[in-house]
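This report covers two local features of one protein model. The sequence and structure come first.

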Amino acid sequence: MEVHAVGRTAPHLNGLKGDFDPIAIVRAEPLPPVVAAENGVHGNDDKKEIVLGRNVHTACLEVTEPDADDHFTGDKDAYMAGVLARYRNNLLERTKHHLGYPYNLDFDYGALSQLQHFSINNLGDPFIESNYGVHSRQFEVGVLDWFARLWEIERDEYWGYITNCGTEGNLHGILMGREVFPDGILYASRESHYSVFKAARMYRMECVKVDCLTSGEIDCSDLKKQLLANKDKPAILNVNIGTTVKGAVDDLDLVIKTLEENGFPQDRFYIHCDGALFGLMMPFVKRAPKVSFKKPIGSVSVSGHKFVGCPMPCGVQLTRMSHIKVLSSNVEYLASRDATIMGSRNGHAPIFLWYTLNKKGYKGFQKEVQKCLRNAHYLKDKLRDAGISAMLNELSSTVVFERPHDEEFVRRWQLACQGNIAHVVVMPNVTIEKLDGFLEELAEKRKLWYKGSGGDGVAPSPPCVAVDIGSENCDCGLHK
């Protein structure tokens with residue numbers, strides 16, 4: 001649609017004076033043509049090859065124009081209601097068979113439905129109210145204070161905000177390190193989340209990938225080697241509080257010791273702790289290394305849609321007030337300060353986080369952590385009893401095992417895979433009954449996959465995963 005001034009009537013539009021004829025100034029444009037689909041999908045299949053997962057755009061809910069009399073017939077509303085009902089049923093089924101990704105699907109936020117009619121936006125600094133009044137900063141700051149107590153930093157010494165996802169927390173933490181040390185080198189273990197290496201590309205930072213132990217934990221002997229090779233430049237480190245695939249926790253104290261013993265005092269390094277999932281679980285695990293701002297770390301990030309169980313992606317990022325000053329700038333248009341990655345920020349997310357933190361509290365989260373660890377050990381033991389290669393890190397609820405032979409089985413249970421291994425992330429919504437159903441189905445499928453293996457040499461054999469999880473955890477023919 002295009003709006004035009006017609007003759008001398010345009011000046012009247014400002015004050016809505018005179019006779020206002022919308023038809024006279026609005027010219028209807030024809031709708032854009034629908035792109036023709038080739039071979040059942042958008043675009044040319046011969047020119048597109050998607051290797052990972054299923055091809056994109058194989059299913060599409062088309063957006064169509066309502067009929068002229070639709071406001072009388074209600075056909076469009078009925079159609080959309082049917083689509084949404086079918087989609088809800090699909091979500092129920094997929095939730096029932098969800099095991100591979102770290103999302104807590106056990107929540108009920110019905111009490112917050114009354115707020116869905118408001119466009120809540122926390123644009124700008126959480127601690128400086130902008131001219132936009134429909135915000136939830138009071139909830140946001142309450143959530144930040146809760147995490148500040150958890151990670152042991154005083155209210156007047158920290159700065160933070162609620163991000164749109166875990167990746168944004170890493171982007172902000174690494175950006176802080178880059179701003180503190182513009183010529184610094186980013187060090188991250190090879191098993192760090194992909195967003196860490198994305199940050200290095202975005203910020204054009206030199207990045208060194210550090211080797212890992214079999215557990216997935218950073219190898220501090222290789223870290224030492226890499227630090228000594230670049231001793232003339234400050235170090236910016238990403239420390240994993242739970243790696244993506246194996247749930248390994250880097251030894252923060254050993255990392256700090258390695259830095260200090262190799263010519264990097266506290267004024268020459270910056271540490272960002274990526275605690276996407278385990279950053280909230282670790283404080284409630286006995287014998288777990290402590291993540292605390294009492295140690296020389298620069299920032300910590302955690303996801304809100306993972307262990308907490310927020311229905312929309314979000315996260316929490318905390319850093320030191322002394323660091324944020326090098327990044328922030330005042331924005332007159334907002335009547336606030338710009339120190340975040342994104343401008344507009346979801347104002348509903350802080351309310352959801354505030355609600356569940358109040359409902360559960362520290363004791364509630366402690367119970368859920370204990371349940372997750374207990375069920376993870378149950379799954380690992382059952383897998384090993386069934387002759388299936390499996391590993392579980394001591395401080396983790398991520399059970400790593402041999403990759404299922406059938407990709408349909410992988411998709412059915414929504415397993416995350418890498419090479420010859422897959423994993424199940426045991427979250428608060430994962431019950432023993434759900435694990436038993438998964439184990440029973442996996443055992444039955446393996447009988448079909450590996451029927452006759454080891455005989456004529458034709459049938460496939462379970463993969464050897466000793467390189468991935470250690471020979472002591474591998475149940476292949478060679479290591480059984």
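The sections below describe a sheet with its packed helix, then one serine and its surroundings.

## Basis

This is a predicted model, in which local features need pLDDT of at least 70, side-chain atom pairs count only at pLDDT 80 or more, and totals for chains, interfaces and linings use all residues. Residues are numbered from 1 along each chain as its sequence is written, and side-chain values use heavy atoms, with hydrogens and water left out.

## The sheet

An open, antiparallel sheet is built from 4 strands in the order 14-15-17-16. Strands (E, at least two residues) and helices (H or I, at least four) are DSSP runs numbered from the N terminus; two strands pair if DSSP finds at least two bridges between them. Strand 14 (390–392) and strand 16 (416–418) are the edges: each has a single partner strand, so one side of each lacks a neighbour in the sheet. From one strand to the next, the twist averages 25°.

Strand 14 pairs with strand 15 (residues 398–402) in the antiparallel sense over 3 bridges. Met391 is opposite Val400 in strand 15. Helix 11 (residues 348–385) packs on the sheet and touches strand 14, strand 15 and strand 17 (421–425), where contact means heavy atoms within 4.5 Å. The direction of helix 11 makes about 155° with that of strand 14; axes are lines fitted to C-alpha atoms, for helices over the stretch in contact, and angles run from 0 to 180 degrees between N-to-C directions.

## Ser192

Ser192 lies in the loop between strand 6 (185–189) and helix 7 (194–202). Ser192 counts as buried because its relative accessibility is 7% (buried is under 20% relative accessible area, with a 1.4 Å probe and protein chains only). Leaving out residues up to four places away in sequence, Ser192 touches Phe197, Asn238 and Asn240.

The side chain of Ser192 makes a polar contact with the side chain of Asn238 at 3.5 Å. Such a contact is a pair of N or O atoms within 3.5 Å; within protein, one must be able to donate a hydrogen and the other to accept it, and residues adjacent in sequence count only if both atoms are side-chain atoms. A polar atom of the Ser192 side chain also lies 2.9 Å from the backbone oxygen of Ser189.

Notes
Buried means under 20% relative accessible area, exposed over 50%, partly exposed in between (1.4 Å probe, protein chains only).
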